[in-house]
Amino acid sequence: MPPDVRCRYSIEMHEIRTATSRDLAHAKKIYDSVIRVADWLPKGSRTKPDFSSATAGEDIFVSVNANRDVTGFISVWSEDSFIHHLYVASSFRRMGVGTALLASLDTWLPRPWTLKCVSANVHAMAFYKSLGWVSETTENGPEGEYHLMRYEKLLEDGKSTAGSG
């Protein structure tokens, strides 16, 4: 099991930890609130969000602020280093929460990491690109066109660490 990690970003401390059952209830609220207003998803995908099914079998971590509020979550299919969900509560966006959640993966999840990002989600696409994620392919799925994105650490000489253990 991956360790809990503390990361400092923006102006406050975010504790990144494995989600407890209480945390999962808060993560579900964040998921539901984001999905219901996600204009980048087809209308049918927004009506009945199902957090439990969407994250089944995944490792889920939450970001908690100094007031103990769950500010965001990330769910990972660890076997494939695949990030399935990354959502931040609307009142905590642009405060480093998403970056902190991703940075916490460096302590336990081998790179390269991959994720799918719906093309119409322009804010998420810009966020990932600003962090160095690269779109490898564009495909179509139930949520519409998406990018399969990849992120891998580079050594100082510019060579990829992929496959180097």
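**Cover and contacts**

Modeller: Helix α4 (residues 97-104) is mostly covered, with 6 of its 8 residues buried. Buried means under 20% relative accessible area, exposed over 50%, partly exposed in between (1.4 Å probe, protein chains only). Helices (H or I, at least four residues) and strands (E, at least two) are DSSP runs, numbered from the N terminus. This is a predicted model: local features need pLDDT of at least 70, side-chain atom pairs count only at pLDDT 80 or more, and totals for chains, interfaces and linings use all residues. Residues are numbered from 1 along each chain as its sequence is written, and side-chain values use heavy atoms, with hydrogens and water left out.

Biologist: Which residues in α4 are buried?

Modeller: The helix spans residues 97-104. Its buried residues are Val 97, Gly 98, Ala 100, Leu 101, Leu 102 and Ser 104.

Biologist: Is Trp 113 buried or exposed?

Modeller: Trp 113 is found in strand β6 (residues 113-118). Its relative accessible area is 2%, so Trp 113 is buried.

Biologist: Which residues does Trp 113 touch, not counting residues up to four places away in sequence?

Modeller: Contact means heavy atoms within 4.5 Å. On that basis, Trp 113 touches Ser 81, Ile 83, Leu 102, Leu 105, Asp 106, Trp 133, Met 149, Arg 150 and Tyr 151.

Biologist: What share of the protein's residues count as buried?

Modeller: The protein has 5 helices and 8 strands. Of its 165 residues, the share that count as buried is 45%.
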